[in-house]
Amino acid sequence: MSITRQRSQIWDSYRLWNKAVAEVIYPVTDEAVPAYMDLEADDLHRIGEAAQYAGPDARVGLSEAVRAVTIAQDGAFSLERVSSETRRWRRRSIDPPPCLAFLALTVLAAEEMGNSVDGLAQHAYYARLARMLALPDNDAALRRHYQRHSEFLWNCVNTWLENLEGERGLPTAYALTHRYVGLPMSQALVREGDRRKLPSMFAHFGLSPGMRLAPEDVSTYLGMWLTSEVSVGATNLRKLWQRADSHDRIAAIAAVELANWDGVLQETVSTNIVGRAMLVANLRTGFMSSSLDLSLGLRSLVSEMDGRMEVLETAGKWTALGFNIGTAGLWRTTYTSTIDFGSMLDGLVRIRHSGDENGLEYKRFPRKVVPLIYDELQSAYVQSERLQLGANSLLLVRTEGTSKAAAGAVEEVERILGECARPGFSKYSTLEGLPQGWTLFADIQLFGAPTGETKFNELVPLARNQLTVSGGLRIPSRIRKWSTLGPPEIRATSQSEAQLRVTLSTSFDNAQIAEWTGDSGTVVVDLKSYELGDGDYQVALFTGSKTIPTQQVSLRLRSSNEVDSMWDRAVRLVYSLDTPLGALTASQEEAEYAFVSGLLAEGKSGVVSSETASSRVFWIGSRKNEKTSPIRIGTPDPNSCVVTGAHYMKLPPAMGDKSQKIVEGECKYCGLVKRYPSWFRRSRLSGSQLYEDQDSMTVVTVADLPAVVKEPVNWDGALDALMHLGGGPYSSLQSVATQLEGSALFVDTFTRRLEALGHISIERNERWQPIRWEISPSCLALEDGTHHRLTGFWPPNKIEELIAEGDAASVHAVVQSNCPSTSFLNGIGEREALRIADAESATVVRNPGNGILETLPRLSEVAAALPRIPMLGFDAAERFDLKSASWLPSGDPSEVGAYRIRRGFEVVYLFRSSEDLVSGHASITSVHLAKHLAANAIGKTFATYFSTRGELLTPRGCELPGLYDRAAVSFSGELPAPKKLMIAGNARNCLSYNAISQASADLFITLLTT
């Protein structure tokens, strides 16, 4: 056999083992979870079977395969060939890198550490790896080659997993201590069964899913947890923790697990975290005024949670309250406008599962100061035990109360924030949605701890050092990534060292891009000015003179130039007009006769204009504003410590043990648990003296930090993020929208605007709530002979290529404040447009407004096709008054029209036709559709037309529903503009659709009235 053929067979055998490791250790999964090269006995057996190994011990077969490609004929060890093969592996490849089999052997060696049977020291790593390769224990070449190549090889594994966007798991091979040995140790030290118990520790201390803490701070929590009774089930971890040299490694693994935790508790949970309810908030600033949106959240510990809950009203009645499942295992209320959040903040909230009178209760205790930390997974602020360093935060401070503690609370909080928070935070004493008697502090980024005594434990962070990558526009995905058009900030702070160094490097080859230093314990870097492209980066924090990073964070930037790995799997959605309901929702069903996709419309409804559009209106009455009283929840007791804040905290005696970094106290009367960092100096706390360990603490200076800047709404970045994703569940679109403006109103507006412009398709359920979305196909809408508007999927590089190749004479973008910029191709004729469309898999659409309009059914056909349900019972009802175009109370919904009913905390919009009144039925609709159906039922429409200006107007709040809205917008390519219309001496707020001809307006009126 020739040497060449023999070498080929050796590499074929190695590649077979390499493929087997990839298939067994990194299988395709539906959920993005941390992936470890954890080689349990059954995993090794399956690897051997996949590699077609016939021997009894797969370890031997793997060792032989690795030895064959790493040991030369002269017996010298070398990683050059494995490294060379891996370097030829494409950086963006989704195929496994050729180094997996070798790295699997290094993990097996790490698993043997601590074993004293083999006669080696417990920490002897290289000797164990050498024995697996039949080399001398002290082989110098092995150590030299391993240290030269191992980081690169593990980086390739991390890059491969990132390329797959979590499909085979999330990368975990990071070493903050023991630089080279730490990599295989990160995979081998803590087994899967033990890692599954860590979420119990996270939940016990109130840590948030996705939270990123430095391992040294996670070590503090681990120490408390593993030495307490609540971790009795984590026997192996407790044994490992008894070895002091394992603390850093276990903490690094726990930090990775926390960063990738999805909020789900999979193991037995200690009883003291059961039944925890919390406040969830979104702050809206700038879109149609500012407001605070509050809701209730809870993490259910019941396996069969259905969201059907009951809450105890202040009046003593248990009332139904619905919760919807969100991301990271957090259930949230949806009907928040009917809850009196002032009563909720002031009283003890009690929630139970519907009908379970003696079962589990979820409680929320009132607090004087309520910290809320921005949770990227929720795209909302979630109540926390205390503020966190570097995180975007809110503070609710009670300004009314029965104790002296309420006096001066706002002043003290403001003083501490001025000393410890980044400049630019805001204070609101009055704000829509803010309960009376409370003050809101917003735009908080804490960079240090108070230097003196404070009675507000919530303002003292438990962490000492923190590296945070936050802000910008995060793209919802199985892996953590940001929009290249909206990169985040880097925020670093240290209370243990004044000197900081932060580096930015490429993830693949560790090539340093930038470095920033600070001598006041803080560094803030806005990455927008660096114009980074799509790619994977690594941010590292070094404190003092250390050469090993205190904390590292991966930074992934993506745009529509490089689409998500799941892009092709997005469900294809089309508005099928074979049924009238296709005018309201897209679906997966293929259309046989007529459909709308983006701005492309095929087929015609056959409706002929029979009405003439005019400026006449019938809604001439004065608009009436009727407000319903929200339901009060919470049971306050003026003399209780949960109301007054005068807790009697029982603290352990100070024993001088400075290794105990957190002191935990419990209120003698209400059971409220508070934790205090032992390094924080306080002269008095319930009669107990805390440990004083501030000699090493640095006074962080925040005055020189750049002020927090309220970024404008990044519509272009949001659309680009959606183009990158391609489609998916509605929750991913919501996540993008709430980062622009955090409110349900904005999410609805964001969705309808992009749908009306033809950029996205929306599928809705039987209640007309969005459940799925997809980016529309690429389209060139012909505005005139040489003017083409781009809608749907048009990534920046696609447009740039048109210019570079001379296919477009010019491109210009019209920037708008209330929607994404509109791009136009200028100077090309129809023939050139068709050629471009053919090359780019796009469609040229002439007169898209008319095309969509002519496919639409009469609104009366939509009304007839709506599913009917028996008329619902209700607590309160309102009927939409057509003459004033406003809601009015109605105790008897027995007339034809639109109704808004409240059932407990749920609000439902209904339409009842004359047939429905007879049969006792109704149709659930969206708010806008209900109003137009009510007008249609009497042969009227809210739309009015001014032929001299080509304007079609509707009252604000009566926007055209579904594809009727898209048709009206497509004539001009612009969203309806706000406009005042004088009617019977009253100025009414209206929306104006432009560039609509008389003939098209006639067809609109015909569709809406007949």
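Which residue takes a positive phi in the hairpin of E18 and E19? That residue is Asn510, with phi near 60° and five residues between the two strands. The model is a predicted one.

- Strand E18 spans residues 500-506, and strand E19 spans residues 512-518.
- The two strands run antiparallel and are joined by six bridges.

**Positive phi in loops**
- Most residues other than glycine have a negative phi.
- Ser379 is not a glycine, yet its phi is positive, at about 50°.
- Ser379 sits in the loop that links strand E9 (369-375) to strand E10 (380-383).
- Ser379 has 2% relative accessibility, so it counts as buried.
- Ala995, also a residue other than glycine, has a positive phi near 65°.
- The loop that holds Ala995 runs between strand E47 (986-993) and helix H27 (998-1009).
- Is Ala995 buried or partly exposed? Ala995 is partly exposed, because its relative accessible area of 48% falls between the cut-offs of 20% and 50%.

**Helix H2**
- Helix H2 covers residues 41-50, and its buried residues are Asp43, Leu44, Ile47 and Gly48.
- Viewed down the axis of H2, these buried residues fall within an arc of 140°, so they line one face of the helix.
- An α-helix has 3.6 residues a turn, so residues three or four places apart point the same way.
- His45 and Glu49 are the exposed residues on the face of H2 turned away from its buried side.
- Gln52 follows H2 and has a positive phi, near 60°.

**Helix H21**
- Which residues of helix H21 (residues 830-839) are buried? They are Ala833, Ile836 and Ala837.
- The buried residues of H21 fall within an arc of 100° when seen down its axis, so they too line one face of the helix.
- Arg831, Asp838 and Ala839 are exposed, on the face of H21 turned away from its buried side.
- After H21 comes Ser841, with a positive phi near 55°.

**Six-stranded sheet**
- Six strands form an open sheet, in the order E38-E43-E42-E41-E39-E40.
- The pairing in this sheet is antiparallel.
- Strand E38 (869-870) and strand E40 (886-889) stand at the edges.
- Each edge strand has a single partner strand, so one side of each is left without a neighbour in the sheet.
- Inside the order, strand E39 (residues 876-881) pairs with strand E41 (residues 897-903) over four bridges, in the antiparallel sense.
- Ala876 stands opposite Arg902 in E41.

**Cysteines**
- How many disulfides does the structure hold? It holds zero.
- Cys990 is in no disulfide, and the nearest cysteine sulfur, that of Cys958, is 9.1 Å away.
- The cut-off for a disulfide is a pair of cysteine sulfur atoms within 2.5 Å.
- Cys990 is buried, with a relative accessible area of 1%.
- Cys779 is buried as well, at a relative accessible area of 3%.

**Met201**
- Met201 lies in helix H10 (residues 198-204).
- Met201 is buried, with a relative accessible area of 1%.
- Met201 and Leu258 are 57 residues apart along the chain, and their C-alpha atoms are separated by 9.8 Å.

**Second largest pocket**
- The volume of the second largest pocket is about 1,100 Å³.
- Its lining consists of 45 residues.
- Which lining residues lie nearest the centre of this pocket? They are Asn392, Gly472, Val709, Glu711 and Gln739.
- By class, the lining has 19 nonpolar, 14 polar and 12 charged residues.
- Strands that give two or more residues to the lining are strand E1 (277-284), E10, strand E11 (392-398), strand E13 (438-445) and strand E17 (489-494).
- Helix H17 (715-725) and helix H18 (730-740) also give two or more residues each.

Definitions and conventions: Residues are numbered from 1 along each chain as its sequence is written. This is a predicted model: local features need pLDDT of at least 70, side-chain atom pairs count only at pLDDT 80 or more; totals for chains, interfaces and linings use all residues. Side-chain values use heavy atoms; hydrogens and water are left out. Buried means under 20% relative accessible area, exposed over 50%, partly exposed in between (1.4 Å probe, protein chains only). Two strands pair if DSSP finds at least two bridges between them. The arc is that of the directions from the helix axis to the C-beta atoms. On a 1 Å grid over the protein atoms alone, a cavity is a set of points where a 1.4 Å probe fits but cannot get out, and a pocket is an open set with protein on both sides within 12 Å along at least five of seven lines; lining residues have an atom within 4 Å of a point. Grid points are joined across faces, edges and corners, and a volume is the space filled by probe spheres set on the points. Ala, Val, Leu, Ile, Met, Phe, Trp, Tyr, Cys and Pro count as nonpolar, Asp, Glu, Lys and Arg as charged, and the others, Gly among them, as polar.
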